[in-house]
Amino acid sequence: MKEMWDKKAASYPRFTGAPSEFQTRLYAKIAEFGVKFDAKSLADIGCGTGVHTLLLAGICREVTGMDISDEMLKIMLKDAAKFGVSNLTAVQSDFKNFNPNRVYDIAFSTMSPAISDEEDFEKFINLGKQRVYLWWNKPRNSNVLDMLYDEFEKRDFKAKAGLFEDYLRRKNIAFNSCVLEESKEQKRTIEEMTQNALWHLQISNFAQEESAVRKRLESIAREGFVTEKIVSSMKLLVF
């Protein structure tokens with residue numbers, strides 16, 4: 001798994017210095033649910049390249065970014081230096097082996113597979129006084145990937161947000177939740193889209209021949225580019 005995320009790091013979204021339109025909506029909803037980041041300590045679990053981590057470091061007193069991928073963390077630290085972020089600690093680890101021996105003001109995780117089962121749910125609950133968790137509400141729609149999944153084999157969907165909700169109910173832990181949606185387009189060269197598609201197929205445990213994927217993408221390309229239309233539905237839990 002680490003090797004897969006290391007491979008993805010170079011093409012993963014990066015912090016730009018300002019919140020995206022989706023982040024603006026996300027943080028407005030988090031604030032509505034009573035979480036204030038000002039002067040707080042925060043652990044970002046599965047932080048990736050720091051898209052959220054670096055933004056939050058500009059608000060929080062201190063931030064720890066944990067990720068399994070060395071390459072993701074290298075990019076995060078490079079961007080931290082670029083934007084003058086000095087209150088950030090990077091930790092290379094999977095979540096099961098992450099043992100900070102402290103409780104943060106806020107435990108935070110967005111769209112990360114790092115939290116995967118009930119043991120992880122409990123650990124995440126105990127990691128922060130307040131917790132913010134975001135995961136898929138339903139499978140992401142991508143005209144490119146859906147075409148490949150339908151043609152080769154459909155992927156499985158891990159409904160962890162719903163499982164986490166059920167776990168909180170069983171533990172009698174009060175929470176707020178909502179669904180957030182996002183639509184976007186990404187235009188890539190045939191080679192870039194081929195590598196992106198191969199990565200998603202592999203992470204879904206369904207490897208395919210590169211030549212077969214490239215040939216299929218060539219059939220929908222326009223002037224050497226493939227446009228991917230993505231519609232995402234995500235569930236936010238705050239407790």
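This is a predicted model: local features need pLDDT of at least 70, side-chain atom pairs count only at pLDDT 80 or more; totals for chains, interfaces and linings use all residues.
1. Let's start in a loop. A39 sits in the loop that runs between α2 and β1 (41-45). Have a look at its backbone: A39 has a positive phi of about 60 degrees, even though it is not a glycine.

2. Where do you find N172? Look in the loop between α7 and β7 (176-189).

3. Helix α2 covers residues 21-32, and the side chains of E32 and K29 meet in a salt bridge, at 3.3 Å from N to O. Side chains of opposite charge can pair when their charged atoms come close. These two are three residues apart in α2, so about one helical turn separates E32 from K29. How many salt bridges does the structure hold? The count is 19.

4. Now for a helix pair. Helix α5 (residues 118-127) packs against helix α7 (residues 160-170) at an angle of about 65 degrees, and their axes are 11 Å apart. The two helices are therefore roughly perpendicular to each other. Their crossing is right-handed. On the α5 side, the contact is made by E118, F121, E122, F124 and I125; on the α7 side, look for K160, L163, F164, Y167, L168 and R170. What sort of residues are these? Sorted by type, the contact of α5 with α7 has seven nonpolar residues, four charged ones and no polar ones.

5. Helix α8 (residues 190-203) and helix α9 (residues 210-218) cross at roughly 125 degrees, and their axes come within 9 Å. That angle makes α8 oblique to α9. Is the crossing left-handed or right-handed? For α8 and α9 it is right-handed. From α8, the contact draws on I190, E191, M193, T194, Q195, A197, L198 and L201, while α9 brings in E210, V213, R214, L217 and E218. By type, the contact of α8 with α9 splits into seven nonpolar, two polar and four charged residues.

6. Finally, a word on the annotation. An unreviewed UniProt entry carries the annotation "domain: Methyltransferase" for residues 44-125. In this model, the span of residues 44-125 is 32% helix and 24% strand.

Methods. Residues are numbered from 1 along each chain as its sequence is written. Side-chain values use heavy atoms; hydrogens and water are left out. UniProt positions are given in the numbering used here, feature names are shortened, and annotations may be inferred rather than shown by experiment. Helices (H or I, at least four residues) and strands (E, at least two) are DSSP runs, numbered from the N terminus. Axes are lines fitted to C-alpha atoms, for helices over the stretch in contact, and angles run from 0 to 180 degrees between N-to-C directions. Angles under 35 degrees count as roughly parallel, over 145 as roughly antiparallel, 65 to 115 as roughly perpendicular and the rest as oblique. A crossing is left-handed if the near helix is turned anticlockwise from the far one by less than a right angle, and right-handed if clockwise. Contact means heavy atoms within 4.5 Å. Ala, Val, Leu, Ile, Met, Phe, Trp, Tyr, Cys and Pro count as nonpolar, Asp, Glu, Lys and Arg as charged, and the others, Gly among them, as polar. A salt bridge is a side-chain nitrogen of Lys or Arg within 4 Å of a carboxyl oxygen of Asp or Glu.
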